[in-house]
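Subject: Structure handover

Hi,

Here is the structure we talked about. My notes follow below.

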Amino acid sequence: MKFDIILAGVGGQGVLSVSAIIASSALEEGLFVKQSEVHGMSQRGGAVLAHLRLADAPIASDLIPHGCASLILSMEPLESLRYLNFLSPDGAVVTAITPVQNIADYPPLDELLDRIGKLPRARLVDGDRLARDAGSARATNMVMVGAASHDVPVPAATLERFIEKTFAPKGEKVVATNLAAFRAGREAAL
Amino acid sequence: MSDLVLLGDEAVALAAVHAGMTAAYAYPGTPSTEILEFLIRYQRRHGGPRATWCANEKTAYEAALGVSFAGRRALTAMKHVGLNVAADPFMNSALVSIHGGLVVVVADDPGMHSSQNEQDSRYYADFARVICLEPANQQEAYDLTREAFDLSERFHLPVVVRLVTRLAHSRTSVRVGDARAENAVAKAPVSKEWTLLPGNARVQWRALIDRQPEVDAWSEQSGANRLELHEDADDLGVITTGIARNYYVENLEEIGRPLSHLHIGAYPIPVGLVRRLMRQVSRVLVLEEGYPYVERLLRGLLPSDIEILGKSTGTVPPDGELTPDLVRHALGLPERPGQSMPGFQVPSRPPQLCAGCPHADSFAALTEALDGMATPVVASDIGCYTLGALPPYSAVDSCVCMGASVGMAKGASDAGLRPAVAVIGDSTFLHSGVTPLMDAVAANTDMTLFILDNETTAMTGGQPTILPPSRIEKLVLGLGVDPAHCHLIAAHHRQAEANRALVERELAYQGLSVIIAVRECIETLKTKKKAQG
């Protein structure tokens with residue numbers, strides 16, 4: 001079993017936290033994991049990409065080869081299209097729909113969402129709204145983990161356990177909000 | 001033995017702790033920063049070993065060298081261009097008789113994710129005639145760093161551990177071993193071996209040259225260099241170094257026939273192993289991250305009967321970082337199609353200054369003050385503020401290396417471009433901007449130095465500046481800058497009008513002026529507020 005995930009977003013959207021929660025959960029399930037991150041300059045409001053590779057055998061490359069990703073999980077709609085060449089012909093795109101319009105030539109949103117919807121397996125999730133409903137606009141990334149949880153080869157209960165562990169230092173309320181966000185995302189993506 | 005999930009950088013750091021390191025020194029630089037960050041956290045939790053940020057890579061290197069002189073183990077870490085700054089102590093430390101193990105971790109950045117070039121540190125190791133270890137994965141980063149300390153003491157040489165971005169910043173499980181005790185303090189026994197007066201240096205240089213056969217013999221049998229020969233596979237052989245091996249292995253299954261393969265993880269290059277491979281094949285493909293270092297050594301100056309494929313032949317691109325797909329192409333395997341969206345070009349999203357960044361206010365004041373001037377020059381430097389080069393500011397004419405803004409503004413002014421402005425951050429100023437400012441003070445150069453003091457080293461994640469911000473003004477005045485032309489301002493839009501007027505005034509002044517624009521980085525401010533709850 002191999003499951004490669006391209007994680008995409010804009011600097012500051014919590015891409016690395018998403019990657020860390022899925023990676024820790026997969027390790028807990030006894031899978032081999034490689035998690036390649038971007039640090040430094042590109043984090044400043046630019047496009048952020050992380051490669052996350054899960055497998056039941058040792059993994060050689062830290063980078064996902066083209067055409068091999070089972071999933072693109074994106075925190076932002078435009079970013080969900082940036083790495084399509086990595087996505088396998090039967091791979092899925094799960095993306096949040098709220099744009100980060102910090103560039104002048106950002107395409108019209110309706111047209112953009114329409115394009116994403118025409119991909120073979122695309123799931124558009126109103127992450128921001130679901131996160132606000134769950135208690136915090138900052139939990140969008142956990143909504144997206146929930147939305148992807150049907151595809152990711154890790155039990156939802158394990159993901160929940162690592163969400164708890166990650167946010168425990170910030171108190172019970174933050175844990176509850178992020179768990180609610182995860183569940184809302186999971187439900188929305190059914 | 002236990003398994004931990006570590007970044008390549010963290011694997012190196014923990015290995016140093018487990019190897020009995022006494023102290024580590026560095027200046028932050030992507031992709032090496034997380035080594036010291038890990039060690040600083042470790043020190044906080046466990047009370048040691050010492051881990052300290054330094055003013056720059058040269059001072060960090062020299063502190064590490066002092067630890068070695070005292071018989072104890074030291075690590076210094078830097079990004080590839082940091083080794084340029086530390087090149088003086090690095091080259092010369094190859095001639096002293098290293099006492100406590102000295103490990104120099106250099107993280108190269110092929111593809112220039114966060115750098116201004118993609119120089120290959122293996123050339124530096126070769127230049128200095130020292131051992132270089134190049135781990136292929138996080139486990140090797142741990143194992144080889146531990147070994148590097150032993151090798152340093154065995155051969156009395158500094159040992160380079162070369163990382164690349166994709167290893168430094170990728171995380172996986174690593175099996176770690178038991179910790180070794182630190183060395184006791186024991187001064188290097190022979191002072192002459194550390195005092196590079198020409199008479200001593202000649203002796204030391206000769207000793208280094210004489211040691212070479214011993215080092216070469218070690219490399220031939222090093223576990224990091226592995227030759228796999230297949231007698232029936234006599235056509236194409238492959239040489240990989242470092243993480244290129246991972247991309248080769250990723251594609252191996254599909255090649256469908258065994259290939260003779262030499263992996264190099266330790267330098268000097270194991271010539272005997274190379275010779276054995278070359279006897280077996282008619283073509284050899286060289287896969288290495290960075291410059292075609294091994295490839296050029298193989299090719300030499302004169303033609304050979306064996307065809308050598310690599311960066312020089314365009315089999316793999318001569319620039320940028322390797323990927324599994326580029327290696328796939330080099331091995332003659334068909335491209336693996338992904339998905340696409342014909343007719344739609346995803347617009348690029350370059351990094352930019354954060355909303356509310358103090359640098360934005362400084363650039364606003366500067367660009368307004370410069371508006372309409374015929375030949376202004378704004379030399380900038382290495383840091384977040386380099387992003388002032390991009391729209392909407394487009395305020396920067398140059399960015400070359402740490403501290404270059406100050407010297408370049410001086411030279412441009414000397415040559416006749418006015419007004420000449422240098423824009424540099426607080427941390428970069430303390431790293432390499434103070435010495436060129438002395439030159440400008442000595443000549444009373446007609447230029448304006450704009451120090452953007454956000455009270456942190458922001459680009460690499462907010463490490464503390466080596467001196468508290470309040471000292472910068474005293475330092476500048478202490479160098480002899482005229483107090484009437486040294487100003488401390490708040491980089492805030494509420495001060496926009498006053499700041500613009502002040503900048504205009506100092507641009508018009510025909511002499512050296514310094515403006516220190518102070519406001520804390522909003523990212524570090526946020527982090528602080530979060531920590532305070």
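A:Leu7 has A:Leu73, in β4(A), as its bridge partner. This is a predicted model: local features need pLDDT of at least 70, side-chain atom pairs count only at pLDDT 80 or more, and totals for chains, interfaces and linings use all residues. Residues are numbered from 1 along each chain as its sequence is written, with chains lettered from A and ligands numbered from 1 in the order in which they are written.

β1 (residues 2–10) and β4 (residues 69–74) of chain A run parallel, joined by four bridges. Strands pair if DSSP finds at least two bridges between them. Strands (E, at least two residues) and helices (H or I, at least four) are DSSP runs, numbered from the N terminus.

Both strands belong to an open, mixed sheet of eight, ordered β6(A)-β5(A)-β4(A)-β1(A)-β3(A)-β2(A)-β8(B)-β1(B). β6 (122–125) of chain A and β1 (2–7) of chain B are the edges; each has a single partner strand, so one side of each lacks a neighbour in the sheet.

The chains meet within the sheet at β2(A) and β8(B), antiparallel over two bridges. There A:Ser36 stands opposite B:Ser170.

The contact (C-beta atoms, placed from the backbone, within 7 Å) takes 41 residues from chain A and 38 from chain B. On the chain B side, β8, α10 (244–255) and α13 (324–330) each give two or more residues. That side divides into 17 nonpolar, 14 polar and seven charged residues. Nonpolar means Ala, Val, Leu, Ile, Met, Phe, Trp, Tyr, Cys and Pro; charged means Asp, Glu, Lys and Arg; the others, Gly among them, are polar.

Best wishes

Note on methods: Two residues are in contact if their C-beta atoms, placed from the backbone, lie within 7 Å.
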